[in-house]
Amino acid sequence: MDSEQRFRILIVDRSGDAYRLLQNPLQWNGYYLENATETAKALNRVSYSHFDLVLIRDEHPEIDGIELLDRIKKSVRKSLPVILLVDQINSSYAVRAIRAGVHDVIEKPDNPTTLLDMIRKQLQEQQNESARKSALKALNEITMSFSFQGNRLAQPHIASNVVQTFLGDIRMPPAAMSTLELCLDEMVQNALIHGILQIKPDERHQDIPDYNEFLDNRFSQPEMKDHRIDINCSMQPQTRLIRIRVSDTGAGFDFESHLKKDLSVFSLEHIGRGITFIRTLADSVSFEHGGRTIIIEKHFKDL
Amino acid sequence: MELVLQLEGKKAKIMVEGSITSDNAYIFKDKLSEVLDSDATLLELDLSACKNISSSGIGKLLIFYKEFMTRDGKIEIVKSSPIVYELLTTIKLDQLFSINM
């Protein structure tokens, strides 16, 4: 038995044209196929039977594809892939469809091969994603540690390199990756500027050439070899929790006064903006060892 | 990160593509300095292709903001990506100037 035989597709097609076009090639390829000729029947079928994909032939006003898509996503299963088949795509329709959660909008082709390829691709992606999530959920925790010696801390992109190394193979949503990169960038900068180098505000706000020279000078000091920043990243797939811990060998800082700040009002002050960012973006922030270690936790809806 | 600055009389426009991080925030500062050196009293920021902004980037913008205000300058974020919009409004930057998505 072909593995594709497991896939069940519901076609919503009032006239039956699309169903007839696809019936033979899909069934020859081992797919189970059903046709619903009305919106109500389609909703009933997806509510009470399992389908892997819904293909809606939008025939407004009899079958309003976007309305049906919206109802499936809201009341049946948000993750159920839905493809809209239209005579002609226009941009406002595509925008409405994307907002409602469509997986693809395609123009009705003359031959079924193009459509069959798209359906296969969609189902294959869904199968891969499902396998990836199952494998991820079977793990209790994934951890990875990084250590940077003080005289190597001048290198750029530490945060993005760490996040990409840790999460590169886990296809997280871009917004989640971006949030983690931003948090880690702030944590590393905090460890470096306030912890190890202890740069004063007036030193930070000097003109760029002077500041770069100032930094180069600080990084070249022999004692920098004795300093380091350690980063530990862990993820618990079952609870969708990511924890990042950054420790430095500096003198620590007064983190308690930062934690008392009111985040509901924007502040123009220079000091502690990075910590404000971290507090805003993470679910929890805590400090240990007199401010030399910062730990953030962030839950994500989807990993 | 790519930055494009357009100066047209009293109006300046900066378009940002990529991420403003602690590593490249100085480039953003350089562009803002060019705006201060011009006659512009309106800065439009197009952040629709900006992936994110670190506190260093925000810091440069706020230093600019304070100086720009002394000449009755106005900042408007005319477009922003959803991620950046969420970030800027979460840190309450919309209390200082208009932020659009």
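I began with the largest nonpolar core, which has 79 residues; Leu184(A), Ile231(A), Ile244(A) and Leu43(B) touch the most other members. Helix H7 of chain A (residues 174-196) gives this core its largest share, twelve residues. I took a nonpolar core as a set of buried Ala, Val, Leu, Ile, Met, Phe, Trp, Tyr and Cys residues joined through side-chain atoms within 4.5 Å. Buried means under 20% relative accessible area, exposed over 50%, and partly exposed in between, with a 1.4 Å probe and protein chains only. Helices (H or I, at least four residues) and strands (E, at least two) are DSSP runs numbered from the N terminus.

I noted that this is a predicted model, in which local features need pLDDT of at least 70 and side-chain atom pairs count only at pLDDT 80 or more, while totals for chains, interfaces and linings use all residues. Residues are numbered from 1 along each chain as its sequence is written, chains are lettered from A and ligands numbered from 1 in the order in which they are written, and side-chain values use heavy atoms, with hydrogens and water left out.

**Entry: around Leu184(A)**

I listed the contacts of Leu184(A), leaving aside neighbours within four places in sequence: Ala159(A), Val162(A), Val163(A), Ile231(A), Ile244(A) and Val246(A). Contact here means heavy atoms within 4.5 Å.

**Entry: chain totals**

I counted eleven helices and ten strands in chain A. Chain A has 303 residues, 47% of them buried. For chain A, 62% of the contacts between residues at least 6 apart in sequence join residues at least 24 apart. Its accessible surface is about 15,700 Å², with 47% belonging to carbon and sulfur atoms. Such areas come from the Shrake-Rupley method with a 1.4 Å probe, and for residues only the protein chains shown count as cover.

For chain B I found three helices and five strands, in the order β-β-α-β-α-β-α-β from the N terminus. Of its 101 residues, 50% count as buried. The share of contacts joining residues at least 24 apart, among those at least 6 apart in sequence, is 67% in chain B. The accessible surface of chain B comes to about 4,600 Å², and 46% of that belongs to carbon and sulfur atoms.

**Entry: helix pairs**

Axes are lines fitted to C-alpha atoms, for helices over the stretch in contact, and angles run from 0 to 180 degrees between N-to-C directions. Under 35 degrees counts as roughly parallel, over 145 as roughly antiparallel, 65 to 115 as roughly perpendicular, and the rest as oblique. A crossing is right-handed if the near helix is turned clockwise from the far one by less than a right angle, and left-handed if anticlockwise.

In chain A, helix H1 (residues 17-28) and helix H5 (residues 112-137) pack at about 60° with axes 10 Å apart, so H1(A) is oblique to H5(A). Their crossing is right-handed. Leu21(A), Leu22(A), Pro25(A) and Leu26(A) of H1(A) make the contact with Pro112(A), Leu115(A), Leu116(A) and Ile119(A) of H5(A).

The axes of helix H2 (residues 39-48) of chain A and H3(A) come within 11 Å and cross at roughly 25°, so these two are roughly parallel. H2(A) passes H3(A) in a right-handed crossing. The residues that meet are Thr39(A), Ala42(A), Leu43(A) and Val46(A) in H2(A) and Leu68(A), Arg71(A) and Ile72(A) in H3(A).

In chain B, the axes of helix H1 (residues 25-37) and helix H2 (residues 55-69) come within 9 Å and cross at roughly 15°, which makes H1(B) roughly parallel to H2(B). This crossing is right-handed. Among the residues in contact are Phe28(B) and Leu32(B) of H1(B) and Leu61(B) and Phe64(B) of H2(B).

**Entry: Ile66(A)**

I placed Ile66(A) in helix H3 (residues 65-75) of chain A. Ile66(A) counts as buried because its relative accessibility is 7%. The C-alpha atoms of Ile66(A) and Leu84(A), 18 residues apart along the chain, are separated by 8.1 Å. Beyond neighbours within four places in sequence, Ile66(A) is in contact with Asp58(A), Leu84(A), Tyr93(A), Arg96(A), Ala97(A) and Ala100(A).

**Entry: positive phi**

Most residues other than glycine have a negative phi. I noted His289(A), with a positive phi near 50°, in the loop between strands S9 (284-288) and S10 (293-299) of chain A. His289(A) is partly exposed at 48% relative accessible area. Lys92(B) has a positive phi near 70° and sits in the loop between helix H3 (82-90) and strand S5 (98-99) of chain B. With a relative accessible area of 26%, Lys92(B) is partly exposed.
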